[in-house]
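Hello,

Here is the structure I promised to pass on. Please open it first, then read my notes below.

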Amino acid sequence: KVIRDEVVYCSKVKDGYKIATKTGKELYSHNLVVATEPIVTKKLLNIPTIRAGTYMHVFTVKGNLKPLYQDNGIYQIYPVGSKIVATVRQKNDKYIVASKSEDPGFERIFSNYKVITDKYWRPSFTIKVDKTLLEADLGDGLYMIGDYNLGGIEDSYITGIYAANKILN
């Protein structure tokens with residue numbers, strides 16, 4: 001059963017977890033999987049430190065990469081200090097371009113280009129603050145899944161599969 005509501009509070013009770021929602025509902029579960037953006041997870045679970053959110057422009061660009069930036073991979077990561085963080089090759093000479101700037105200087109990496117879309121994400125993903133990795137399994141049937149350690153879908157997918165397997169077993 002799907003309930004559309006906003007969780008405002010969760011706490012450990014004798015045999016599981018109590019969740020309170022914005023509309024006043026109280027839900028109980030033996031296992032709790034928190035799959036929210038890191039700042040919400042930090043608040044709900046009262047975690048002292050978590051990765052900081054970063055903002056990102058994500059562009060769809062049609063064009064040709066200059067030879068220096070062409071390789072056989074789908075992903076291209078750029079060095080620290082570059083306005084462009086990464087490019088992901090799509091079909092038909094299209095690229096997804098992630099940048100910290102709304103004007104990343106496309107002419108530096110493309111020989112010709114046209115910006116098709118520009119989506120500004122707030123926050124887009126989390127960045128590494130220190131060398132601490134947060135555990136997905138917090139014990140007692142409590143799991144945290146998402147991009148709280150690494151930016152991107154991969155961390156969410158891996159921690160989600162991990163939590164699902166722990167609950168099923």
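Start with helix α1, residues 38–45, in this predicted model. Four of its residues are buried: Pro-38, Thr-41, Leu-44 and Leu-45. They span an arc of only 125° around the axis, so they sit on the same side of α1.

Next, the aromatic rings. How many aromatic pairs does a search of the whole structure find? It finds five. One of them joins Tyr-95 and Phe-110. Tyr-95 has a relative accessible area of 9%, under the 20% cut-off, so it is buried. Phe-110 is buried as well, at 2% relative accessibility.

Another pair is Phe-106 with Tyr-113. This one is tilted, with 5.4 Å from centre to centre and 50° between the planes. Tyr-113 is partly exposed, at 37%. Ring pairs also tie Phe-59, Tyr-95, Phe-106, Phe-110 and Tyr-113 into a cluster.

Now the sheet. Three strands form an open sheet in the order β1-β2-β3, and the pairing is antiparallel. β1 (7–13) and β3 (26–29) are at the edges. Each has a single partner strand, so one side of each has no neighbour in the sheet. On average, neighbouring strands of this sheet are turned by 20° against each other, direction ignored.

β1 pairs with β2 (residues 16–21) over six bridges, in the antiparallel sense. For Tyr-9, the bridge partner in β2 is Ala-20. As a general point, strands of a sheet pair through backbone hydrogen bonds.

One last contact to check. Lys-12 lies over the face of Tyr-17, 5.0 Å from the ring centre.

Best wishes

Key
Residues are numbered from 1 along each chain as its sequence is written. This is a predicted model: local features need pLDDT of at least 70, side-chain atom pairs count only at pLDDT 80 or more; totals for chains, interfaces and linings use all residues. Side-chain values use heavy atoms; hydrogens and water are left out. Two strands pair if DSSP finds at least two bridges between them. Helices (H or I, at least four residues) and strands (E, at least two) are DSSP runs, numbered from the N terminus. Axes are lines fitted to C-alpha atoms, for helices over the stretch in contact, and angles run from 0 to 180 degrees between N-to-C directions. Rings of Phe, Tyr and Trp (its six-membered ring) pair if their centres lie within 6.5 Å; planes under 30 degrees apart count as stacked, over 60 as edge-to-face and the rest as tilted. Buried means under 20% relative accessible area, exposed over 50%, partly exposed in between (1.4 Å probe, protein chains only). A charge sits over a ring if NZ of Lys or CZ of Arg is within 6 Å of the ring centre and within 35 degrees of the ring normal. The arc is that of the directions from the helix axis to the C-beta atoms.
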